[in-house]
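Dear colleague,

I am handing over the structure we spoke about, and below it you will find notes on what was found. Please read them with the structure open beside you.

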Amino acid sequence: MRRYVSFRDFDWTLLLFVLLICAVGVMQIYSATLNTKFAGAHIKQVYWILGGLLAMFAMSRLNYQALVDNVHWFYGAACLALVAVLVVGTKYLGAKRWIKLPGGVHFQPSEWVKLVLILLMAKFFHELRHRETNFVDIAKAAVLGAIPMLLVLRQPDLGTALTYTPIIIMALFLGGLQFKHAIVIVAIAAALVVPVWRYGLKDYQKHRLTTFMNPEADTQGKGYQSSQSIIAVGAGGIWGKGFAKGTQTQNSFVPIPQTDFIFATLAEEQGFVGAVGVLLLYFVVLMRLIANAQTAPDRAGAFVIMGVVAVLTFHILVNVGMVVGFMPVTGIPLPLLSYGGSSILFTFLALGIVMNIRMRRFVN
Amino acid sequence: MLGRDEKIPPSKLSIAQYAIVATFLVLCVGLWRLQVSGNEKYQAQAEGNSIREVDVLAPRGQILDREGRKIVDNYPSFTAFVMRDRVKDLEPDVDAIAAGLNVPASQLRERLRKIASRPQSEPLILKDDLTPADVAFIESHRNELPELETITEHRRLYPTNGFMAHVIGYVSEISEETLNSDACFDCRSGDMVGQSGIEKMYNDYLKGKNGKRRVEVNNRGKVLRELGEDAFTAGKNLKLTIDLDLQIAAEEAMEGKNGSIIAMDPNSGEILAMVSRPTFDPNQFAVRISHDDWNKLITDPAKPLFNKAIQAQLAPGSVFKIIMSVAGMQEGIAQNLHVNCGGGKNFYGRFFKCWISAKHGAHGDVAIEKGIYQSCDVFFYTLGEKLGIGRIAKYAQGFGLGQKTGIDLPQEATGVMPSEEWKIKNFKQKWYAGETISVSIGQGAVATTPVQLMRAISAIATGGNLRRPHLVSYDSLPAPYNDKYREALARYPEKGHFDINPQNLDVITGAMANVPGPLGTAPSAHLEGIEFAGKTGSAQTISNEARKTLKGAEYKDNAWFVGFAPRRNPEIVVAVLFEGGEHGQFAARLASQVIKAYVEKKRRTPTHVAQSPTAPIEISALWSAPDADSESGERLAGGRFNIHAGLPKRRITSAPGVN
């Protein structure tokens, strides 16, 4: 059986496009951090990418089916880690998101929970493959997703918690969610809006949402990040200001330009053409992933890949949507493009699992 | 073990694909909306963010005297400031900065605290007018204290010790009201504008046009790059009619006294010197006057900001008798009037004293000449009685009393020349004949400014030619300023004429020439070899009613003198108000100092015919010297000498403190 698993079946095309996006990211990080105290971040990003590639290859060697089989252990560990964050986590910028490990490494469990959740959903619906999904199943899936989500919300980290929802929604959709169930879910969600707004959200989270609704009310205060990002994108025009020539980027008007707002700097310096070009790269990657889902050896594999697709699409939608002013400021990075180890490692590990599934497509 | 089983239906994957396509289309629309449709708008906003226009302040024009000597100049001054949003960075370094800039740390902290709520982009001034040591401190700490910034400004350098302060005026930062008024369409906050004197009157001419520097800044307002500069246009230099040599003489004469001296060319109306005391230091305003200093200036009972030359409205006293004399002679009354002065006389049932009675004397038989040089009150009481207030007012008004002269300085006072109509209009009361008697000697309701009184005497001295006194000749200004300023004062005619019979004039000026002489009221003001005429006056400072309310305070009489030289075809007229000077003679002495300076300067000035030689001239001489041994008691002696010709005094090249 093992001899059928070969790197010949590795999705090299997918990897090519992923690396193209990474390359654009490294260049844009260089430009965005030029003359700031973060200068040199692009080099670190290259190391993260190399680390990510290693992780990806390592991941592709494992049997995803074994991972799926044992996901309940990972899930338990993940939930424990999230509880640990709340108890012994490091507080930074008003939120406890990290655990300080020996050696000065900061570990952010909420990022890895995504991966666990993808595998968990795959297993859950894989086991339901022989019958119709009923309402109890849906409720079970929702509870499984809700536990880590609530723990992350307690940190508080609304942005990351939100990234769990597309995984659950995608799983429910593929798992045979019926139309009537969908209506009930939407109704419950709608009923929850008011209590969540009143009791569930922190002030700064409400702040961001109200600012998003009306960013021009106070451009110097609340809406500053959003409006500066919009100005940067708009000023880019069709062809852009040129590499390292955007005034919004270079003169530090774009907030956190190397991470959350990297796409704004890209849009300013490379223009509409560059921005749409990068979106096309993402599109190719996503389509390629869906093609792999189609050829997955089993239902669990397809679920895993589609879970990855859902997370990536959600990140792109929320991040680019935020940059162009369609979405509130949430602090969700753009996969592969934004600077940051956790995001890069997560994405490459997720791709590793996809490769793993693809390489086993002929395995019986 | 999981096995291969039912796959996900391809339709669901297609739906996922469509959903992704839709998502990407929405994002592309968002990009299109901003980058293609909204590009222009956001481009402008991005520029507004990054590109700042910084004013490059234009230096104001210099103010020069009639010979081009500097009275007011500029000097480069450095100001230390921090941008409001960098105050946080500054806080730990307050003590170091306070020590380096030599300001108390507590004061610095207080300022930082005060501006905590001001807009982000506002600069906070830490210290104005840095000393070279301060600048060196900032330069050498660029790296440790990057938030500390400096700007250079051109500040006004005014003469020291309040020299000519009232004429010059001062500049200060534009006020909120001026900034918001309609008249001020191109003003900007922080502009320095003239607030009084010449600085205010000729602000437009002096101010120049600020340049603009386009710079690229980052989100903290730090300048990253220079993008270009529109050079400023410096303000134009303004030449006054003031003669520094005479101004210095007048300032010296007035030193330590209160009052005013004005000197004018009676033929043109050019003001040659103008002094008011007490004075103030306009340099205080040039930087940033402290609240305490300002309060001290405006609450000082001596009113140092008040230009007495044009704003003091006081009884002219006996100087008014010259107007009386002209009126009397022109009306044909004074020529034949002979009065016996016994120290006073009764009019309308009241006894009016002559000043001589205070010295236990009387003037005896008095005609017009003696009336003038001895300033006999009884003579003018009688003349006034005969003329009546109507004719007195007609002549006084004809010579401009009770009217603004139209001098090119702001806030000139009007003064009062009473008449029957004036009294009815202002007091709804009939004129009493007794009031005419007081007015005849320049008391009662008559109030004139020194410049007004000077113009009246100047007109009489030149045979009736009234001139608008001025500090700037409009013909010397380039268009359009010449017409603009001329128009601004158009309701004050530059020239006027009031006919005086030359014979009458000769009698009056002849008598006036005796005033600073052995027969006159100001013998100590006599100038040997200079034909100098004038009239003294000693006037009550305040009305009797005011004296009652200010009981306990002692108010000495004001001494006046208005004189001119030479007596015929005068070249200079000088008015002196010496407050608390008690007797006109003391004012006359001050006037004589200025006239002496004028004549001496004239005599020193080399003519074209005889250029003063620069090299010493060698001469030989032969003379007899006393010699006890010789028979004649004398002996013949001889020798060679070098004579150093040229100017005896060091020439003045600029106002004091302005080099």
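In this predicted model, 38 residues of chain B are in contact with 47 residues of chain A, two residues being in contact if their C-beta atoms, placed from the backbone, lie within 7 Å. On the side of chain B that touches chain A, the elements giving two or more residues are α1 (10-37), α2 (39-50) and β8 (211-217) of chain B, and α1(B) provides the largest share, 16 residues. Helices (H or I, at least four residues) and strands (E, at least two) are DSSP runs, numbered from the N terminus. By class, that side of chain B has 17 nonpolar, 14 polar and 7 charged residues, where Ala, Val, Leu, Ile, Met, Phe, Trp, Tyr, Cys and Pro count as nonpolar, Asp, Glu, Lys and Arg as charged, and the others, Gly among them, as polar.

Within chain B, the contact between α15(B) and α22(B) is made by B:Ile322, B:Ser325, B:Val326, B:Met329 and B:Gln330 of α15(B) and by B:Asn504, B:Val507 and B:Ile508 of α22(B); 5 of these residues are nonpolar, 3 are polar and none is charged.

As for confidence, the model scores ipTM 0.92 and pTM 0.67, while chain B has a mean pLDDT (the predictor's confidence in each residue, from 0 to 100) of 85, with 90% of its residues at 70 or more.

Residues are numbered from 1 along each chain as its sequence is written, and chains are lettered from A and ligands numbered from 1 in the order in which they are written. Local features need pLDDT of at least 70 and side-chain atom pairs count only at pLDDT 80 or more, whereas totals for chains, interfaces and linings use all residues.

With best wishes
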